[in-house]
Amino acid sequence: MPICDKRIYTGADCISFTTDEMAFSTTINTVTINTVPNEILISVLSTLPTHSLLPLVAVSRRFCSVILRILRQRLRRAASLPDHCLILECYHPSAKLSTPYLYCDYLYTDGLEPSSPSSSPPREPADGSAAIPTLGMMYSHFRPVAQDENRRARRRYPRQAAAAAAALHSECPSQDIFLDETELFSQLCTVTNLVKMGPRPGLFLSHVNVGEGVMRVWRGWLAANAADAGTADASLKAPILWADASQDVGVRFRVTERREVGELDPVLLAVDDVDEVPVAYRLEFEELVVRAGRLLLSVEHSEVQEVTTSGKAIVIALV
């Protein structure tokens, strides 16, 4: 039974409302997006891909906070690369076919793991104003390693093949740099791919390019970092060589000067003639650094690519 019956007269018509109906109508009119519980908002926004979530950050501070929570959960999952593998190709332009690719083992992501060498995880501000720049500066760190399937020495370029074979037998993979007289720098082409491994080596279910570019390695940079590597301070880390202008992918090397057996330093050498002496250095791969946001988008692209191909695999044949 209705508690009270209120009538509203509009000309000849009469509309009747009960007190319960009016209270329900008032409640409907006061419901806004800010009154929706976080659990429902997270459930709705979690169905959207990352590239669709990013424009919604500017809707409100609450949207920004909820979306950042979703993105951090996705970053934590994507950084560990479940069912995926990161492959690094780093080679001199003349030794593209003779340089084997390297698998990369996951180490940590800045601000996600408490054991990471970086600072403490970034605090999420109440208004979400400074969270977006912090999220964009997060990087995932990987260690390049050589696998048994690519430990074959290619003989197309004997000099580089011999160096690659020697590096594969060592614990840390490396790349040799040779600079002749008056040669101020060398170049390394870098290609980073995200793949999903198939049932056998060389068979990939999906393949996404994370980044590629050319790193210019200068003679002065090599000499300075080789001198720093010989110091007793083991806490010093070599700077990162970035493969692109946006600094999405970079490699950290440990530089050591390479000397052939029986090679001697010149007896008389002027200071101005230092750049005219042939030198050789060995670059040991310490870390591969990938921007976490770029890695997340690559993982999502890989999942979409795997569904789209409908079971068709990508086969990469090694010459």
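Reader: Which residue meets Arg 74 in a salt bridge, and what is the N to O distance?

Author: The general idea comes in two parts. Side chains of opposite charge can pair when their charged atoms come close. In this predicted model, the side chains of Arg 74 and Glu 300 meet in a salt bridge, at 3.5 Å from N to O. Arg 74 sits in helix H4 (residues 61–79) and Glu 300 in helix H8 (residues 292–309), so the pair ties together parts 226 residues apart in sequence.

Reader: Are the two partners buried or exposed?

Author: Buried means under 20% relative accessible area. Arg 74 has 16%, so it is buried. Glu 300 has 17%, so it counts as buried too.

Reader: How many salt bridges does a search of the whole structure find?

Author: Seven. One of them joins Asp 176 and Arg 282. Their closest N and O atoms are 2.8 Å apart. This pair links distant parts of the chain. Asp 176 is in strand E6 (residues 174–179), Arg 282 is in strand E11, and 106 residues separate them.

Reader: How do I read the accessibility of Asp 176 and Arg 282?

Author: Take each side in turn. Asp 176 is buried, at a relative accessible area of 10%. Arg 282 is partly exposed, at 23%.

Reader: Where do Asp 248 and Arg 291 lie?

Author: Start with the contact. The side chains of Asp 248 and Arg 291 meet in a salt bridge, at 2.7 Å from N to O. Asp 248 lies in the loop between strand E9 (240–242) and strand E10 (249–257), and Arg 291 lies in strand E11, so the pair ties together parts 43 residues apart in sequence. Both residues are buried.

Reader: Which residues do salt bridges with shared partners join into one network?

Author: Asp 176, Arg 258 and Arg 282.

Reader: Strand E11 came up with Arg 282 and with Arg 291. What does Glu 287 touch?

Author: Glu 287 is in strand E11 (residues 279–291). Its relative accessibility is 7%, so Glu 287 counts as buried. Leave aside residues up to four places away in sequence. Glu 287 then touches Leu 107, Tyr 108, His 141, Phe 142, Pro 144, Lys 237, Gly 250, Val 251 and Arg 252. With His 141 there is also a polar contact, side chain to side chain, at 3.4 Å.

Reader: What is the phi of Gln 247?

Author: Positive, about 55°, although Gln 247 is not a glycine. Gln 247 lies in the loop between E9 and E10. At 36% relative accessible area, Gln 247 is partly exposed.

Reader: Step back to the whole protein. How many helices and strands does it have?

Author: Eight helices and twelve strands. Buried residues make up 38% of the 319 residues.

Key: Residues are numbered from 1 along each chain as its sequence is written. This is a predicted model: local features need pLDDT of at least 70, side-chain atom pairs count only at pLDDT 80 or more; totals for chains, interfaces and linings use all residues. Side-chain values use heavy atoms; hydrogens and water are left out. Helices (H or I, at least four residues) and strands (E, at least two) are DSSP runs, numbered from the N terminus. Buried means under 20% relative accessible area, exposed over 50%, partly exposed in between (1.4 Å probe, protein chains only). A polar contact is a pair of N or O atoms within 3.5 Å; within protein, one must be able to donate a hydrogen and the other to accept it, and residues adjacent in sequence count only if both atoms are side-chain atoms. Contact means heavy atoms within 4.5 Å. A salt bridge is a side-chain nitrogen of Lys or Arg within 4 Å of a carboxyl oxygen of Asp or Glu.
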